[in-house]
Protein chains: 2
Amino acid sequence: MPRTAFFISDRTGITAEMLGHSLITQFEDVNFRRVTLPYVDTADKAREVAEKIRAQAAADQCQPLVFSTIVSEDLRKLIVVEEALTLDFFEIFIGPLEKALGRESSHTVGKSHGIVNFEEYKTRIDAVNFALAHDDGVMPRDLNEADIILIGVSRSAKTPTCLYLALQYGIKAANYPLTPEDFGNHTLPKLLLPYRNKLFGLTIDPARLNQIREERKPGSRYAALDNCQFEVAEAEALMRHVGVPHLSSTTRSIEELATSIMHTAGLTRRTY
Amino acid sequence: MPRTAFFISDRTGITAEMLGHSLITQFEDVNFRRVTLPYVDTADKAREVAEKIRAQAAADQCQPLVFSTIVSEDLRKLIVVEEALTLDFFEIFIGPLEKALGRESSHTVGKSHGIVNFEEYKTRIDAVNFALAHDDGVMPRDLNEADIILIGVSRSAKTPTCLYLALQYGIKAANYPLTPEDFGNHTLPKLLLPYRNKLFGLTIDPARLNQIREERKPGSRYAALDNCQFEVAEAEALMRHVGVPHLSSTTRSIEELATSIMHTAGLTRRTY
């Protein structure tokens, strides 16, 4: 029987989910059922939520965990029920911060993921458009604008990593697939030569690559294990030879790839 | 003079950034300089970080704020300095959770954003590929697979919202631009008729749309304010007439659009 974890917020619930998720993953042998309840921004909705938590406690026959980020104190009180352990992020942290900063917090709902200003929004959308326009080796003239260019064999997670860099950090990331034509002499494709210091490599375990490619093109030469082994070995040799920093996507999530790349390349986020 | 906020983690720093960001945005009139220090996973790195914080306190002549998510207690202790206010997320929350769950946490670094399992990773990458393959009205046969189809005029934030839904939640989102050919009789484009219950609309303030389009195609008919007013009015009339739920992207961030859409459409995330 799983234990229920609620993520509750007066806005999107993203912070509550992240907060709760990174905590409950520390308890590996507990089976959690996760319920996100966003936009709890009126007293009626808060009371409904309290009822839901109570009902869940009765159904589960065990105490639900409630992770919340509700800015309004009045609403926050309404969701606290005896039957659950409620950990409210604002309640716990705002006090010490007000003291340290010597002023009261604005207690405004929805500061965190709203559009802060049009410029920041534009930076992000521009970065997404840049990633889409420079995906999979499409390299128009404005590659000079790229903050980073990911290289690697097909299906090494370049595209999702570029999109993540754009959406989360406003970073302009292009990507270029290394294909069998690029191998043999361990030199960079000509197109990439002027941008050598913007390159970052992604590599992947050949067995995993084989598995991913088989799903896409079953039985093809492209997907065959020996071909995957060849491509990965050549791509890695090229990166080592030219001195391109690289990471394996085999055991890393998109978030980890993106943040490691930024860290290694010394990039800082353009948006919050 | 800005006050410095450090976001420190033994892994990506994403949770620390989010945690800290949603807290400091509650203090509107304080000017923060933000510094993220990820991958602090050895005693040496932790000591270096402590030095950095001390130096910053001296330079700023005011107490830095340190938001951290460091799982190891030993490392955590090393980054705490007298000169700063340190709020560690794990330190504060893990205790009450261990008590409620009746067991010790695994204190394992990097649970939160690692690849938990290949299936979940695949769900996410498949969703990204789906969004890319069904962007901007490209509608191959497998539209049946779509969890949601966003409609709206060109530049109403459909594409970044679809990509966000895919990357963050593993949701398969297609998008279809409403263009002047679709207007006039307030009926849906034929292609979309079979998927009526999967549709969700995005709209936008015509003045904002004009501003966005002018950046893209300055002086064009496409960007002209009266054309933006016409397209938005027609698109909204169509959505109302057909009964497609819709939201304005004018004052909402991509996160807010994505979570509101999921909430309204009753979709739940496929990945954590």
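Of the 272 residues of chain A, 59% count as buried, where buried means under 20% relative accessible area, exposed over 50% and partly exposed in between, with a 1.4 Å probe and protein chains only. The model is predicted: local features need pLDDT of at least 70, side-chain atom pairs count only at pLDDT 80 or more, and totals for chains, interfaces and linings use all residues. Residues are numbered from 1 along each chain as its sequence is written, chains are lettered from A and ligands numbered from 1 in the order in which they are written, and side-chain values use heavy atoms, with hydrogens and water left out.

**Chain A as a whole**

- Chain A contains nine helices and eight strands; helices (H or I, at least four residues) and strands (E, at least two) are DSSP runs, numbered from the N terminus.
- The radius of gyration of chain A is 24 Å, whereas a compact globule of 272 residues would have one near 19 Å. This radius is taken over C-alpha atoms, and the globule rule is 2.2 Å times the number of residues to the power 0.38.
- The C-alpha trace of chain A spans about 70 × 45 × 30 Å along its principal axes.
- Among the contacts in chain A with a separation of 6 or more, 71% are between residues 24 or more positions apart; contact means heavy atoms within 4.5 Å.

- The buried residues of H5(B) include Phe118(B), Tyr121(B), Ile125(B), Val128(B) and Phe130(B). Lys122(B), Arg124(B) and Asn129(B) are also buried.
- The cover over these buried residues comes from both chains, and includes helix H6 (158–169), helix H7 (206–216) and helix H9 (254–265) of chain A, together with helix H6 (158–169) and strand E6 (173–178) of chain B.
- Helix H1 of chain B (residues 14–24) has 11 of its 11 residues buried, so it is largely enclosed by the rest of the structure. Among them are Glu17(B), His21(B) and Leu23(B).

- A pocket is defined on a 1 Å grid over the protein atoms alone, as an open set of points where a 1.4 Å probe fits, with protein on both sides within 12 Å along at least five of seven lines; lining residues have an atom within 4 Å of a point. Grid points are joined across faces, edges and corners, and a volume is the space filled by probe spheres set on the points.
- The largest pocket has a volume of about 810 Å³. It is lined by 33 residues, and those closest to its centre are Ile125(A), Asn129(A), Arg155(B), Ile212(B) and Arg216(B).
- Helix H5 (118–133) of chain A and H6, E6 and H7 of chain B each supply at least two residues of this lining, with H5(A) giving the most, nine residues.
- The lining of the largest pocket divides into 13 nonpolar, seven polar and 13 charged residues. Here Ala, Val, Leu, Ile, Met, Phe, Trp, Tyr, Cys and Pro count as nonpolar, Asp, Glu, Lys and Arg as charged, and the others, Gly among them, as polar.
- The second largest pocket holds about 640 Å³ of space. Of its 29 lining residues, Arg155(A), Ile212(A), Arg216(A), Ile125(B) and Asn129(B) lie nearest the centre.
- H5(B) gives the most, with eight residues.
- The lining of the second largest pocket comprises 13 nonpolar, six polar and 10 charged residues.

**Individual buried residues**

- Gly170(A) lies in the loop between H6 and E6 of chain A and is buried, with a relative accessible area of 3%.
- The C-alpha atoms of Gly170(A) and Val128(A) are 7.6 Å apart, although 42 residues separate them along the chain.
- Ile70(B), in the loop between strand E3 (65–69) and helix H3 (73–79) of chain B, counts as buried at 0% relative accessibility.
- Pro206(B) belongs to helix H7 of chain B and is buried, at a relative accessible area of 18%.
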